[in-house]
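Here is a note for a colleague who is meeting this structure for the first time. Please read the points with the model open beside them.

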Amino acid sequence: MKKNVLLIFILFGLNSYSQTYVLDNTFGNSGTMTYNNRLYHVKNGLLVNNNYYFISSNTIAKVDYNGQIVTAFGTNGFKALQQTNETLTIVNFVFSNNYFYIYGSVKNNSTNNIDIYIIRIDENGNYDSSFGTNGIVKLDFGLQENISSFLTESSGSLYCIGTRFNQNVTNTSRLILFKINNDGSINTSFNLNGFKEISLDLSTSGSEIIPYNSQFMLLGTTTGNDGTYNRTKILITEVDGNGNSNTSFGINGFKTIPLANSGIYYNTIKNVQLLNNTLYINMNQGGAMLGDNSNNLLIYNLINDQIESSITHGEFFYNKIIDNKVFLTSYCYSCCGTNYYACDNTFELRKFNLDGITDSSFHINGLYSYEFTYAGVPGEPVIGDSRSYVFIKEPSGKILIAGFIYKVFSTPGFSALRIVEGALGLNSIVHNDKNNFYPNPFNNKIIFKNTTPIKNVEVYDLVGRKINKPSFQYENDNTTIDLSNIIEKGTYLLRITTEHNEIITQKIIKN
């Protein structure tokens, strides 16, 4: 309940241009779904032809547009990636040219050798036999390798970035580039060895490849010793389609962004987006002390070679830029510490302007938050460490948020919710004088002083769920609204529609 107190105070500051969201009742169970008994930690999600697809560390799942598991996909809706005597770990997936490309690392369970794999499947989970060997490509460049990102070229070939390293020797990592033909074979015309390396400082790792100036921008990290720690910098370089460096870019073809702060000695790039010569770099930073870590969305101007601003939030996971706005999922983590009883079990979505300033017009002061409950009972939180990992924003404006609910006293599960701009969107609301509602706080009823008869009354909680449609009686410019069915004490929103279709809202408090 502690977050509800904050929401009450924020709500009083809502302006008349807020974009308020409610649960989409056409999805799942009144807008939410918890797929119990599914220990499934979502890493990313896509909406393809009105079906949702999600990946975890080694499984892809399919959910229809109504929120139901598509049981014909894989085994009861979940397709695990399995190979004999090998462990496959998914890094990410994309949908291109009517196929999913799922990529990551494959570990030989006997030798512990780590290599690259790419799988191509259709929307029904069938492997494409024309790609590699029965739909899977495995790449061994002589040491250990991983893949972090790729682009699909017009020919159907894949331009890939990753890292090559010797797991038995420290500081041997090198950024690698390689190309895969449309049939899954290595493009040896790119390089006879099948790959090209970029090396800087003690070690260099590859993270992202992005189209840039009719060429390609590569992002990764490079690590050097500052006399105390091995600290990491962001590495940026530009190459052409053959992997040749543009030496006029930065200094000798490279730009680096120092990131080391006191006590921080490693930085990992989670994802990158480029917009208008500005990079939005999602970083995880960590230090020597337990819990000394944070997530930062760095906003870096390529023209000025400066970090213009950053969004720092110790509990965010995923971000995406849509319609010139930054969306960021977050969750309760540091609030819990080692005590799950301290947690509210919420999924959260935040919205920012491109300069990193909170977009206060989005829902409640830039934040949409939903707390999962036991059997849907308000005020009874599911205690645990839950994570809202990904979100998908549709052209229609609907937003799906997916993640994992960890329930201490119940079965944990893969969970999702979908929200839509709702009736409480304040851009269409006419505010009324609060003195026209009494008594407020109320016990069982409220009297509304009005000169126009009303035709509808609804009551919502603070996350936009409609919880009551009370009866009312109009007489002598007063409407008596029966709220006796509201039992739990707290703050609610009363929404009134008049006979002239005027919409009036009022915050009301149950004693």
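The numbered points below cover ring pairs, charges over rings and some backbone details.

1. The model is a predicted one, in which local features need pLDDT of at least 70 and side-chain atom pairs count only at pLDDT 80 or more, while totals for chains, interfaces and linings use all residues. Residues are numbered from 1 along each chain as its sequence is written, and side-chain values use heavy atoms, with hydrogens and water left out.

2. A search of the whole structure gives 22 aromatic pairs, where rings of Phe, Tyr and Trp (its six-membered ring) pair if their centres lie within 6.5 Å, and planes under 30 degrees apart count as stacked, over 60 as edge-to-face and the rest as tilted. One of them joins Tyr53 and Phe73 edge-to-face, at 6.0 Å centre to centre and with 75° between the planes. Because Tyr53 belongs to strand β4 (residues 51–55) and Phe73 to the loop between β5 (59–64) and β6 (78–80), this pair ties together parts that are 20 residues apart in sequence. Helices (H or I, at least four residues) and strands (E, at least two) are DSSP runs, numbered from the N terminus. Tyr53 is buried at 0% relative accessibility, and Phe73 is buried at 2%; buried means under 20% relative accessible area, exposed over 50%, and partly exposed in between (1.4 Å probe, protein chains only).

3. The ring centres of Phe327 and Phe391 are 5.3 Å apart with planes at 40°, so this pair is tilted. Phe327 lies in strand β24 (residues 325–331) and Phe391 in strand β27 (residues 387–393), so the pair ties together parts 64 residues apart in sequence. Phe327 is buried, with a relative accessible area of 2%, and Phe391 is buried as well, with 1%.

4. Ring pairs also link Phe27, Tyr35, Tyr52, Phe54, Tyr65, Phe78 and Phe414 into a cluster. Over the ring of Tyr65 sits the charged end of Arg418, 4.1 Å from the ring centre, the criterion being that NZ of Lys or CZ of Arg is within 6 Å of the ring centre and within 35 degrees of the ring normal. Lys196 lies over the face of Phe190, at 5.2 Å from the ring centre.

5. The peptide bond from Tyr438 to Pro439 is cis, with omega near -10°, and that from Asn440 to Pro441 is cis, with omega near 15°. Pro439 is in the loop between β31 (437–438) and β32 (445–449), and Pro441 is in the loop between β31 and β32.

6. Asn112, although not a glycine, has a positive phi of about 65°, and it is partly exposed, with a relative accessible area of 37%.
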